[in-house]
Amino acid sequence: MPLVKDGKITGDLFVHVPEGAELPGDGAILVPAARFLEDPEALLKRTGKLGVIWPNNRDLDDLVPYLGRLAAVALVFPSFRDGRAYSQARLLRERHGFEGELRATGQVLRDQFVFMLRAGFDTFEVKKDSDAEAFAATAKRYSVFYQPTGDGRPTALHRRMQLRHSESAGQ
């Protein structure tokens, strides 16, 4: 499955470890939320980066105490009509200050890509190579937005105010 990270098509450093499967001795892994919550401290002590696949119907409060020690959180879009992962992404970035990789997985569609970026996602698991290419191109297409969100980009108003300030300072 192609992966788009920071606007570029890339290989996945994380190995997806399904429920009940043996953990690799080291290396970056993504584990399901239920497995993580069984014994988070044991998983956090192993060598290698750790990420958690967090379903959109699970409360983030269970994950928050561990955010500073996680390399990635993969939020699940089970259907393109189900937007709860958008809310989770914004909460992780804006309220809880999560700075690790925030990955969109599941039904990740081209026409929702910009909204996912704006919600704070920086990595996307997509189904087709052509989608990965479209995602990479879209990430570079938009540089200014009107609404403030969790991606940290300045809004059009903020840029306009900066321009006015620099023009008035130069006079």
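Okay, let's start with a charge over a ring: R58 sits over the face of W54, 5.6 Å from the ring centre. The rule there is NZ of Lys or CZ of Arg within 6 Å of the ring centre and within 35 degrees of the ring normal.

Bear in mind that this is a predicted model, where local features need pLDDT of at least 70, side-chain atom pairs count only at pLDDT 80 or more, and totals for chains, interfaces and linings use all residues. Numbering runs from 1 along each chain as its sequence is written, and side-chain values use heavy atoms, with hydrogens and water left out.

Now the aromatics. Rings of Phe, Tyr and Trp (its six-membered ring) pair if their centres lie within 6.5 Å; planes under 30 degrees apart are stacked, over 60 edge-to-face, and the rest tilted. That rule gives five aromatic pairs. One of them is F77 with Y86, edge-to-face, at 5.1 Å centre to centre and 75 degrees between the planes. Both F77 and Y86 are buried, meaning under 20% relative accessible area (1.4 Å probe, protein chains only; exposed is over 50%, partly exposed in between).

Then there's F113 with F124: centres 4.5 Å apart, planes at 70 degrees, so edge-to-face again. This pair links distant parts of the chain, with F113 in helix α4 (residues 113-119) and F124 in strand β8 (residues 123-125), 11 residues apart. Helices (H or I, at least four residues) and strands (E, at least two) are DSSP runs, numbered from the N terminus. F113 is at 1% relative accessibility, so buried.

Putting it together, ring pairs link F77, Y86, F113, F121 and F124 into a cluster.
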